[in-house]
Amino acid sequence: MLTSVEAEVLRALADPLRLRIVQLLARETLCTTHLVEETGARQTNLSNHLRVLREAGVVETEPCGRFTYYRLKPEVLEALAGRFAELADTARVADAAGRKRACP
């Protein structure tokens with residue numbers, strides 16, 4: 001069972017624009033202006049998506065003068081990937097053991 005924190009991360013990553021932002025931030029730390037240029041999204045829309053990612057713990061901010069830079073937190077994605085790897089292993093074991101619940 002996924003924790004509520006892990007479920008929140010999944011919800012944050014489910015949006016195509018937020019997933020694109022995560023992909024961009026995996027390569028480098030960027031400010032909102034860079035993300036607007038890269039995605040073509042409007043700044044207000046982008047800021048809302050960044051807020052969701054920040055609240056889910058996927059990104060962190062770094063103030064720099066009048067700009068705010070965003071950095072991906074890879075440990076959050078690694079933890080989620082680990083949970084999915086555990087689920088995959090459980091499914092392999094169940095399949096190998098021939099586990100199938102009989103219908104009533």
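Student: How many salt bridges does a search of the whole structure find?

Tutor: The search finds six salt bridges. The structure is a predicted model, and one of the pairs is Glu6 with Arg83.

Student: What makes Glu6 and Arg83 a salt bridge?

Tutor: The closest N and O atoms of Glu6 and Arg83 are 3.0 Å apart. The cut-off is a Lys or Arg side-chain nitrogen within 4 Å of a carboxyl oxygen of Asp or Glu. The pair therefore counts as a salt bridge.

Student: Why is this pair said to tie parts of the chain together?

Tutor: Glu6 lies in helix H1, residues 4–13, and Arg83 lies in helix H5.

Student: Is Glu6 called buried or exposed, and why?

Tutor: Its relative accessible area is 13%. Buried means under 20%, so Glu6 is buried.

Student: And what is Arg83 called, and why?

Tutor: Arg83 has a relative accessible area of 22%.

Student: What makes His49 buried?

Tutor: His49 has 10% relative accessibility, and buried means under 20%, so His49 counts as buried. His49 is found in helix H4, residues 43–55. Leaving aside neighbours within four places in sequence, His49 is in contact with Asp15, Leu17, Arg18 and Ile21. By contrast, the C-alpha atoms of His49 and Gly98 are separated by 43 Å, and these two residues are 49 apart along the chain.

Student: Why is Leu87 called partly exposed?

Tutor: Leu87, in helix H5 (residues 74–96), has 48% relative accessibility. Exposed means over 50%, so Leu87 stays in the partly exposed class. Leu2, Phe84 and Leu87 form a nonpolar patch on the surface, with about 260 Å² of accessible area together.

Student: Which elements does the protein chain have, and in what order do they run?

Tutor: The protein chain has five helices and three strands. From the N terminus on, the elements run α-α-β-α-α-β-β-α.

Student: How do you know that the protein chain is more spread out than a compact globule?

Tutor: Its radius of gyration is 18 Å, well over the 13 Å that the globule rule gives for 104 residues, so the chain is more spread out than a compact globule. The C-alpha trace spans about 60 × 25 × 20 Å along its principal axes.

Student: What percentage of the residues of the protein chain count as buried?

Tutor: Of the 104 residues, 26% count as buried. The accessible surface comes to about 7,200 Å², of which 53% belongs to carbon and sulfur atoms.

Key. Residues numbered from 1 in each chain as written. Predicted model: local features only at pLDDT ≥ 70, side-chain atom pairs only at ≥ 80, totals over all residues. Heavy atoms only, no water. Patch = residues over 30% accessible without salt bridge, like charges linked within 9 Å, V, L, I, M, F, W, Y side chains within 5 Å. Areas by Shrake-Rupley, 256 points an atom, 1.4 Å probe, with all protein chains shown as cover. Helix = DSSP H or I, 4+ residues; strand = E, 2+ residues; numbered from the N terminus. Buried < 20%, exposed > 50% of the residue type's maximum accessible area, 1.4 Å probe, protein only. Contact = heavy atoms within 4.5 Å. Rg over C-alpha atoms; globule rule 2.2 N^0.38 Å.
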